[in-house]
Amino acid sequence: MAETRITESFEFKTDVITAYDGSEQRIKTRQIPRHSLSFDYDAMNLFQAQWLRGMSRIPQSDLWYVPLWCRPGYLREDFIIHGKSLYINTDYTYNFEGCEWIEIFVKDDYLQSGINLVCRVDHFSDGIITLRKKIDRPLLVKNTWIFPLFKFSVKPSTSMNYVYSNGTAVTLGFEDLLLEPSIHVPYKYRNEYDINIEKFNQWNMPSDIDGVEVLLNSPQWLEDGSVRLQIDRNINRLDAETGVFIYDMKNYSTYDVHSMDIYLCGIKKINNMIKFFNRRGGKYQSFYCPTYANDFELIFDVLPTSNTLYTKYTHLYKFYANNSRKKKLIVFTKDWHSYIYDIMAYSHEVIGGIDYGKLILSQPVDTMLKKDNVLMISYFNRVRFDNDTLVLNYESNVIANTTLVMREVDDT
């Protein structure tokens with residue numbers, strides 16, 4: 001894993017009130033997420049070290065235009081001198097949402113010189129950035145980077161390290177002022193997902209169920225513990241500190257709290273994750289997500305007319321039958337398909353002298369499920385994010401990782 005040098009975060013604010021029956025009332029008190037960045041800086045000479053120490057002393061009332069170094073754009077065709085229109089790769093259009101200024105960096109490998117151009121944006125159209133003023137030099141696809149500029153204030157720095165007398169290492173944080181922009185990128189780029197991604201949603205899950213979105217990202221299992229589960233209950237512990245205590249069981253449901261490490265490989269996946277989080281409003285709106293664990297082991301093939309799944313674990317009914325709500329399950333097959341069903345009841349049945357667990361579905365399966373073709377059967381939970389902050393750790397401008405914590409809810 002590469003060392004993270006740039007971190008970007010989006011933060012909503014949601015008040016949550018949980019009733020005795022487990023239902024929640026959620027109020028979104030911040031309509032636009034706070035946007036923050038942090039950059040790790042290493043001074044290579046005395047001037048840079050002094051600049052970093054000076055930046056750390058800047059009053060928070062001072063405003064700075066800061067490039068989003070982690071979210072550049074690229075030309076898709078060479079720019080002709082004295083023009084105003086930059087034809088950019090549309091995969092990176094969302095990076096410029098809300099910005100009114102851009103910085104163009106040109107690296108001339110022949111002369112070994114870098115040139116920076118700061119330009120005011122007039123408007124965005126489909127794949128085109130139109131500038132207020134003409135640029136008096138050509139720009140080539142091969143050596144041009146375009147960075148969006150946003151107005152930030154500098155967060156107070158906590159500490160810095162003196163590497164040696166002329167060197168300094170510090171992490172500087174910047175907070176977006178969230179000024180209402182006068183121009184926007186086209187609607188489809190700032191609100192719609194880009195689903196044209198190779199090996200994304202490999203099991204062909206639906207994008208939504210009855211109007212409720214589905215999180216289509218899956219964990220990569222890069223290391224042990226990439227997916228974690230905590231079991232929670234809606235209870236009160238009554239304890240007078242005398243040694244005697246009792247539990248007030250508000251209901252008999254258990255609630256899964258899943259944590260998943262997600263690697264976002266490619267700018268499309270990064271942007272889709274930001275859009276998904278923003279559309280949920282942090283903790284405000286719920287969605288569906290599989291557990292990506294083998295929660296049930298299928299024993300027999302399931303015929304299309306059957307609504308019963310038999311499992312090896314007999315005592316499922318002891319732990320799930322008293323839940324006040326029923327769950328969904330999702331069947332992942334080895335030929336990259338998925339099937340979602342509602343669980344109506346848990347039971348068990350003796351077949352050939354062997355006691356098997358029994359799941360009764362609300363409807364018959366719509367295709368034959370052969371046990372040899374089933375990769376895993378997972379719970380398909382209705383969840384919300386357990387915190388209001390999305391943190392993206394960039395390993396490059398097209399690779400980032402994040403940890404999603406999702407809490408099961410009783411939304412209907």
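1. Contact here means heavy atoms within 4.5 Å. His35 has its place in strand 4; strands (E, at least two residues) and helices (H or I, at least four) are DSSP runs, numbered from the N terminus. Its side chain also makes a polar contact of 2.7 Å with the side chain of Glu8. Such a contact is a pair of N or O atoms within 3.5 Å; within protein, one must be able to donate a hydrogen and the other to accept it, and residues adjacent in sequence count only if both atoms are side-chain atoms. With a relative accessible area of 7%, His35 is buried (buried is under 20%, exposed over 50%, partly exposed in between, with a 1.4 Å probe and protein chains only).

2. A word on the basis of all this. Please bear in mind that this is a predicted model, in which local features need pLDDT of at least 70 and side-chain atom pairs count only at pLDDT 80 or more, while totals for chains, interfaces and linings use all residues. Residues are numbered from 1 along each chain as its sequence is written, and side-chain values use heavy atoms, with hydrogens and water left out.

3. Now the overall picture. The chain holds 4 helices and 24 strands, and 45% of its 412 residues count as buried. Its C-alpha atoms fill a box of roughly 85 × 60 × 40 Å along the principal axes. Among contacts with a separation of 6 or more, 72% are between residues 24 or more positions apart.

4. Helix 1 (residues 46-55) comes next. Its buried residues are Ala49, Leu52, Arg53 and Met55. They fall within an arc of 160° seen down the helix axis, so they line one face of helix 1; the arc is that of the directions from the axis to the C-beta atoms. The cover over these residues includes strand 4 (34-42), strand 5 (64-67), strand 10 (144-154), strand 11 (160-164) and strand 12 (167-176). At the N-terminal end, Asn45 caps helix 1, with a side-chain oxygen 3.2 Å from the backbone nitrogen of Phe47.

5. Which residues touch the most other members of the largest nonpolar core? Leu86, Ile102 and Ile104 do, in a core of 77 residues. Helix 3 (residues 267-280) gives this core its largest share, 6 residues. There is also a second, separate core of 17 residues, including Leu298, Leu309, Leu359 and Val365. A nonpolar core is a set of buried Ala, Val, Leu, Ile, Met, Phe, Trp, Tyr and Cys residues joined through side-chain atoms within 4.5 Å.

6. Strand 21 (residues 354-361) is worth a look too: 6 of its 8 residues are buried. Strand 20 (residues 338-351) runs antiparallel to strand 21, joined by 8 bridges, and Ile343 stands opposite Leu361. Strand 18 (residues 308-311) is also antiparallel to strand 21, with 4 bridges, and there Thr311 faces Gly357. Two strands pair if DSSP finds at least two bridges between them. Between strands 20 and 21 the hairpin has 2 residues, and Gly352 takes a positive phi near 60°.

7. Finally, is Arg233 buried or partly exposed? Arg233, in strand 15 (residues 227-239), is partly exposed, with a relative accessible area of 40%. Leaving aside residues up to four places away in sequence, Arg233 touches Met249, Tyr252, Ser253, Thr254 and Tyr255.
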